[in-house]
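User: Please take a close look at the nonpolar core of this model and at the elements packed around it. I would like one connected account.

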Amino acid sequence: MRERYENGVRVIERWDRVFRAVSSEPRRQLVVSLLDAPAGESVALPEGAISATVPDEPRDLRRSLRHRHLPLLADAGFVEWSADPFVASRGPRFDEVAVVFERLHAGAGELPDSLVIGCRRLEREREFCCGD
């Protein structure tokens, strides 16, 4: 019984980290960029974290990536990053956050319009799967 409880606590903590990681657009965009990149390859920053729909100012994004977004993702093991060159790659626990986007993209046809319209990636996924 104790082991089940301890495993439950660990699972809750992992889910909390996943949801914290996906709670900001630059982090979501970076995860999607890494999903699109071949395994083992890096993505250039800040470009890999810029939203195609509502882009941030690159200088501001670069600063927030270095000081907030990348440390949070790296602490969770979702990414590894380097300041020179400024790049990010998949971390040892990347699959824990990647699966959220893989399932969202696969189920784009079932998502409410309010979560799809205006998000280019989900719009494309919905068109691909459902022919909308």
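**The core and its surroundings**

In this predicted model, the largest nonpolar core has 26 residues, and those with the most contacts inside it are Leu30, Leu45, Leu70, Val97 and Phe101. At least two core residues come from each of helix H1 (2–21), helix H2 (25–36), helix H3 (58–75), strand E3 (86–90) and helix H4 (94–106).

Leu70 shows how separate parts of the chain come together. Leaving aside its neighbours within four places in sequence, Leu70 is in contact with Leu30, Leu45, Leu65, Val79, Trp81, Phe86 and Ala88.

Next, the sheet. Its three strands form an open sheet in the order E1-E3-E2, with antiparallel pairing. Strand E1 (43–44) and strand E2 (79–83) are at the edges with a single partner strand each, so one side of each has no neighbour in the sheet. Two bridges join E1 and E3 in the antiparallel sense, and Val43 stands opposite Ala88 in E3.

Two helices pack on this sheet. H2 touches E1, E2 and E3, and its direction makes about 70° with that of E3. H3 touches E2 and E3, and its direction makes about 145° with that of E2.

H2 also packs against H4, at an angle of about 90° and with the axes 10 Å apart. At that angle H2 is roughly perpendicular to H4. H2 contributes Arg28, Val31, Val32, Leu34 and Leu35 to the contact, while H4 contributes Phe94, Val97, Ala98, Phe101, Glu102 and His105. By class, the contact of H2 with H4 has eight nonpolar, one polar and two charged residues. Val97 and Phe101 of H4 take part in this contact and are also among the residues with the most contacts inside the core.

Methods:
Residues are numbered from 1 along each chain as its sequence is written. This is a predicted model: local features need pLDDT of at least 70, side-chain atom pairs count only at pLDDT 80 or more; totals for chains, interfaces and linings use all residues. Side-chain values use heavy atoms; hydrogens and water are left out. A nonpolar core is a set of buried Ala, Val, Leu, Ile, Met, Phe, Trp, Tyr and Cys residues joined through side-chain atoms within 4.5 Å. Buried means under 20% relative accessible area, exposed over 50%, partly exposed in between (1.4 Å probe, protein chains only). Helices (H or I, at least four residues) and strands (E, at least two) are DSSP runs, numbered from the N terminus. Contact means heavy atoms within 4.5 Å. Two strands pair if DSSP finds at least two bridges between them. Axes are lines fitted to C-alpha atoms, for helices over the stretch in contact, and angles run from 0 to 180 degrees between N-to-C directions. Angles under 35 degrees count as roughly parallel, over 145 as roughly antiparallel, 65 to 115 as roughly perpendicular and the rest as oblique. Ala, Val, Leu, Ile, Met, Phe, Trp, Tyr, Cys and Pro count as nonpolar, Asp, Glu, Lys and Arg as charged, and the others, Gly among them, as polar.
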